[in-house]
Amino acid sequence: MLDPASLTATSKPAATPLVRNAVRMITAPQMRPGTGVVGPPEPDLVRIRDLIYQVAGIFHPENKLCLLQERCNRRMKEIQIATLREYCECLILRPAGQAELIALLNEITIGETCFFRNQPHLDALRQIVIPRILETKAKFPFRRLRLWSAGCSTGEEPYTLSMLLMEETSRRLKDWTFEILATDLNERSLVHARNAVYGSYSTRNLTAYYRLKYFIPVGEQLQVNPAARASVTFSRINLSDDARMTFMRSIDIVFCCNVLIYFDLASKRRVIQHFYNNLLPHGYLFLGHSESLYGVSDDFRLVHLPGATAYVKTERTPAGGSSI
Ligand SMILES: C[S@@+](CC[C@H](N)C(=O)[O-])C[C@H]1O[C@@H](n2cnc3c(N)ncnc32)[C@H](O)[C@@H]1O
């Protein structure tokens with residue numbers, strides 16, 4: 001996702017003077033002569049913006065176009081393309097452009113995350129949501145839970161879920177199996193996730209208990225141990241890919257935290273509709289703490305949990321929330 005921290009990221013020097021000049025030209029604000037007013041955005045940048053929106057649902061409003069431009073500049077330096085026009089053509093070219101589009105999406109979707117990012121969410125999951133789901137599923141023939149971390153970035157969220165569920169295996173989840181599907185658009189993040197090695201920034205919220213029980217030191221870093229990795233499966237799924245989204249079925253809980261913030265309303269609605277279809281009838285949806293379905297979907301009921309909120313799948317309901 002567009003990481004606010006990365007707004008300050010600096011680019012590497014351009015490879016050639018030609019590229020350097022071209023990049024300088026497209027990076028500079030376009031002043032209308034003599035007015036001091038910033039001009040309309042580059043048409044090619046707008047075309048790229050529209051392509052990204054079509055493919056991934058990520059929308060760059062005008063005030064974020066400079067960020068998109070900076071990401072394009074990085075890719076242009078990398079592949080030695082001098083102008084935005086050429087780069088735009090390269091992206092649209094099929095099938096060769098597909099690989100470059102994936103590379104650009106990797107630049108755009110940088111995922112800020114860490115282990116145990118939202119403790120109230122996790123407490124509510126463990127103490128309220130899981131017991132409720134187990135109660136509902138008591139009559140099911142299979143004692144199995146399926147969680148989905150949609151937009152999992154480098155894997156801290158799904159591994160956190162795995163550790164929490166493992167903590168329950170001697171209690172509520174005795175005799176249950178569980179799996180965590182972890183998906184993201186960004187291939188680089190998924191490579192990191194599968195490797196499961198993390199530095200001090202990602203692990204800053206870990207208590208000594210979790211650190212000792214679920215991690216192995218690797219030099220200065222920590223690797224998630226095989227037991228906690230075993231239940232997590234990573235795959236590349238674009239939340240805007242309707243065909244792929246249709247295949248995610250029988251999910252008990254979706255975590256889609258801090259992912260939809262840069263989607264516009266139409267893309268959010270499509271993704272939420274998929275989650276509705278993917279979830280079992282008792283299914284829960286967790287969003288980031290600054291996100292809501294207000295004005296997006298009436299197909300979920302807001303549930304107030306201690307210190308957190310979640311959405312539960314329901315038939316169409318009147319607006320407003322309900323307390324537990
Ligand atoms: C800020 S991170 C959130 C990570 C984690 N869910 C958390 O809350 O800590 C957002 C993630 O969403 C992913 N993302 C953005 N657009 C996506 C899309 N269309 N399909 C799948 N993942 C997407 C990004 O690649 C990024 O890894």
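This is a predicted model: local features need pLDDT of at least 70, side-chain atom pairs count only at pLDDT 80 or more; totals for chains, interfaces and linings use all residues.
1. The axes of α6 (residues 119–137) and α7 (residues 156–168) cross at roughly 45° and come within 11 Å. The crossing of these two helices is right-handed.

2. The residues that meet at this crossing can be named. Helix α6 contributes Leu122, Leu125, Arg126 and Ile130, and helix α7 contributes Thr160, Leu164 and Glu168. By class, the residues of this contact divide into four nonpolar, one polar and two charged.

3. Strand β7 (residues 251–256) deserves attention next. Are its residues mostly covered or mostly exposed? The strand is mostly covered, since six of its six residues are buried.

4. Strand β7 pairs with strand β1 and with strand β8. Strand β1 (residues 144–150) runs parallel to β7, and three bridges join them. Strand β8 (residues 279–287) also runs parallel to β7, with five bridges between the two. Isoleucine 253 of β7 takes part in both pairings: it is the bridge partner of leucine 147, and it stands opposite tyrosine 284 in β8. As background, strands of a sheet pair through backbone hydrogen bonds, either parallel or antiparallel.

5. An antiparallel arrangement is found elsewhere in the model. Three strands form an open sheet in the order β3-β5-β4, and their pairing is antiparallel. The edge strands are β3 (197–198) and β4 (215–218), each of which pairs on one side only.

6. Valine 218 stands opposite glutamine 221 in β5.

7. A further point concerns threonine 183, which is found in strand β2 (residues 177–184). Why does threonine 183 count as buried? The reason is that threonine 183 has 22 C-beta neighbours inside 10 Å, and a residue is buried if 20 or more other C-beta atoms lie within that distance.

8. The surroundings of threonine 183 include residues from other parts of the chain. Leaving aside residues up to four places away in sequence, threonine 183 touches Ala150, Cys152, Ser235, Arg236 and Ile237. The C-alpha atom of threonine 183 is separated by 5.6 Å from that of phenylalanine 234, although the two residues are 51 residues apart along the chain.

Notes: Residues are numbered from 1 along each chain as its sequence is written. Axes are lines fitted to C-alpha atoms, for helices over the stretch in contact, and angles run from 0 to 180 degrees between N-to-C directions. Helices (H or I, at least four residues) and strands (E, at least two) are DSSP runs, numbered from the N terminus. A crossing is left-handed if the near helix is turned anticlockwise from the far one by less than a right angle, and right-handed if clockwise. Two residues are in contact if their C-beta atoms, placed from the backbone, lie within 7 Å. Ala, Val, Leu, Ile, Met, Phe, Trp, Tyr, Cys and Pro count as nonpolar, Asp, Glu, Lys and Arg as charged, and the others, Gly among them, as polar. A residue is buried if 20 or more other C-beta atoms lie within 10 Å of its own, exposed if 12 or fewer, and partly exposed in between; C-beta atoms are placed from the backbone. Two strands pair if DSSP finds at least two bridges between them.
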